[in-house]
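This report is for a reader who is new to the structure shown here. Please look over the sequence and the model before reading on.

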Amino acid sequence: QEKVNWPEPTQESKPWTRWWWPNSAVDKENIKRELQEFADAGIGGVEITPIYGVVGEEERDIDYLSAEFIEMLKFTIAEANKLGLGVDLPPGSGWRCGGPFVPQEKGLWNLRVEKFNLKAGESWELSEEMENAAAISFVSLDGETQVLKPEVKFKANNRGTVYVALRINSGNKVKRPAKGGAGWAIDTFNKEITDWYLNEFWQKLGIDEGKLRCFFHDSFEYTGDFTTHFTEEFEKRRGYNLAEYLYVLAGDCEDKEIVARVKSDYRETLADLVLESFIQPMTNWANKHKSMNRNQAHGSPGNILDLYAACDIPETEIFQTLNETSLDVFVNKFASSAANVTGQKLVSSESFTWLQEHWTVTPSDLVQATNRFFLAG
């Protein structure tokens with residue numbers, strides 16, 4: 001029988017592993033041992049994710065981004081490279097970009113619309129308690145709309161309602177951070193904040209360029225839906241003033257077509273911003289430092305294919321359930337489709353992290369998930 005000559009496996013063709021560092025409680029002896037075990041098992045590389053700690057091991061904890069943490073990271077990279085392994089790292093601890101150095105004003109925002117009913121001849125002005133008013137309008141009972149200025153006292157000629165669009169802090173913080181990594185999550189719809197955060201993170205990381213194969217961003221798990229300059233971006237991109245349609249966002253419009261159009265324009269603006277103000281800048285930043293950007297776009301408020309395509313390695317995942325009713329191959333094809341359309345040579349999957357609850361996954365679960373990923377390309 002003719003012998004088949006298989007090509008030599010490369011770092012990229014081998015499976016990689018997510019390597020959680022609970023509260024970064026690592027030491028050089030065990031790092032070296034585990035990396036050797038990974039290499040012996042045929043693993044191609046590791047994704048280091050500092051995450052919540054282990055109860056009872058607190059004395060071993062290392063603060064995230066401390067000098068000791070960076071020493072351990074540099075040691076890991078050097079030892080991995082000796083074994084032919086690559087190293088990836090998220091630009092933050094746990095899930096979400098953020099941390100203790102992020103001030104609240106650079107965090108995520110939500111939109112809230114407040115309403116004030118006025119009688120004819122009644123005056124209204126913005127109170128000092130209502131901070132961060134982004135837009136104000138008055139809609140009279142006969143449907144006439146006036147855009148109001150926050151600094152000007154308004155007197156209603158007719159009966160009607162004042163609508164105020166307020167920026168409210170979303171409360172989003174880093175999810176499941178390691179010690180030293182807790183803090184506010186950044187505003188993902190503001191390019192200036194994204195650029196600021198990534199540059200701050202790079203300075204704190206303190207490693208040489210090109211040492212990491214990839215920076216990695218997990219599934220989009222931020223819940224903000226507004227930003228400091230949203231109304232300006234909305235008018236620039238959609239061609240009209242959102243203040244004129246605050247009554248629609250407040251649920252006071254019965255014209256279903258207008259409701260659908262305004263909501264669509266609002267969501268399209270968020271989609272533009274998350275692409276241009278978060279994912280694309282992160283890819284450019286990673287490439288600038290001679291690394292790639294690996295990104296899971298699912299969960300993002302935008303065109304998922306565009307968002308997957310905006311990084312160097314699009315990545316999908318299967319999460320939580322494997323029963324037949326949960327099978328949706330298109331969710332997993334988003335990443336491979338984007339890679340095929342745009343010509344990226346690598347596409348990846350977070351394959352087995354959350355098939356069931358953590359630490360309860362069986363070998364048969366792994367096989368089932370693997371088959372689905374191959375079906376999805």
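**Helix H6**

The model is predicted. Helix H6 covers residues 256–288, which is 33 residues. At 1.5 Å a residue, a helix of that number of residues should span 48 Å, and the end C-alpha atoms of H6 are 46 Å apart, so the two values agree. H6 has a kink of about 30°, and the kink is centred on Leu275. At the N-terminal end, H6 is capped by Asp255, which has a side-chain oxygen 3.0 Å from the backbone nitrogen of Glu257. After H6 comes Lys290, with a positive phi near 65°.

**Strands E12, E13 and E14**

Strand E13 pairs with strand E12 and with strand E14. The table gives the residues and bridges of each pairing.

| Strand pair | Residues | Sense | Bridges | A bridge pair |
|---|---|---|---|---|
| E12 and E13 | 214–217 and 292–295 | parallel | four | Phe215 and Asn293 |
| E13 and E14 | 292–295 and 313–319 | parallel | two | Arg294 and Ile313 |

In a regular strand, side chains alternate between the two faces of the sheet.

**Cysteines**

How many disulfides does a search of the whole structure find? The search finds zero. Cys214 is in no disulfide, and the nearest cysteine sulfur, in Cys311, is 8.6 Å away. For Cys97, the closest cysteine sulfur is also that of Cys311, and the distance of 14 Å is too far for a bond. A disulfide would need the two sulfur atoms within 2.5 Å.

Is Cys97 buried or exposed? Cys97 has a relative accessible area of 1%, and therefore counts as buried, the cut-off being under 20%. Cys214 is buried as well, with a relative accessible area of 0%.

**Asp88**

Asp88 lies in strand E3, which covers residues 86–89. Its relative accessibility is 0%, so Asp88 counts as buried. Which side chain makes a polar contact with the side chain of Asp88? The partner is Arg213, at 2.7 Å.

Leaving out residues up to four places away in sequence, Asp88 touches Trp16, Val46, Glu47, Ile48, Arg213, Cys214 and Arg294.

Note on methods: Residues are numbered from 1 along each chain as its sequence is written. This is a predicted model: local features need pLDDT of at least 70, side-chain atom pairs count only at pLDDT 80 or more; totals for chains, interfaces and linings use all residues. Side-chain values use heavy atoms; hydrogens and water are left out. The expected span of a helix is 1.5 Å times one less than its number of residues. The bend at a residue is the angle between axes fitted to the seven residues ending there and the seven starting there. A polar contact is a pair of N or O atoms within 3.5 Å; within protein, one must be able to donate a hydrogen and the other to accept it, and residues adjacent in sequence count only if both atoms are side-chain atoms. Two strands pair if DSSP finds at least two bridges between them. Buried means under 20% relative accessible area, exposed over 50%, partly exposed in between (1.4 Å probe, protein chains only). Contact means heavy atoms within 4.5 Å.
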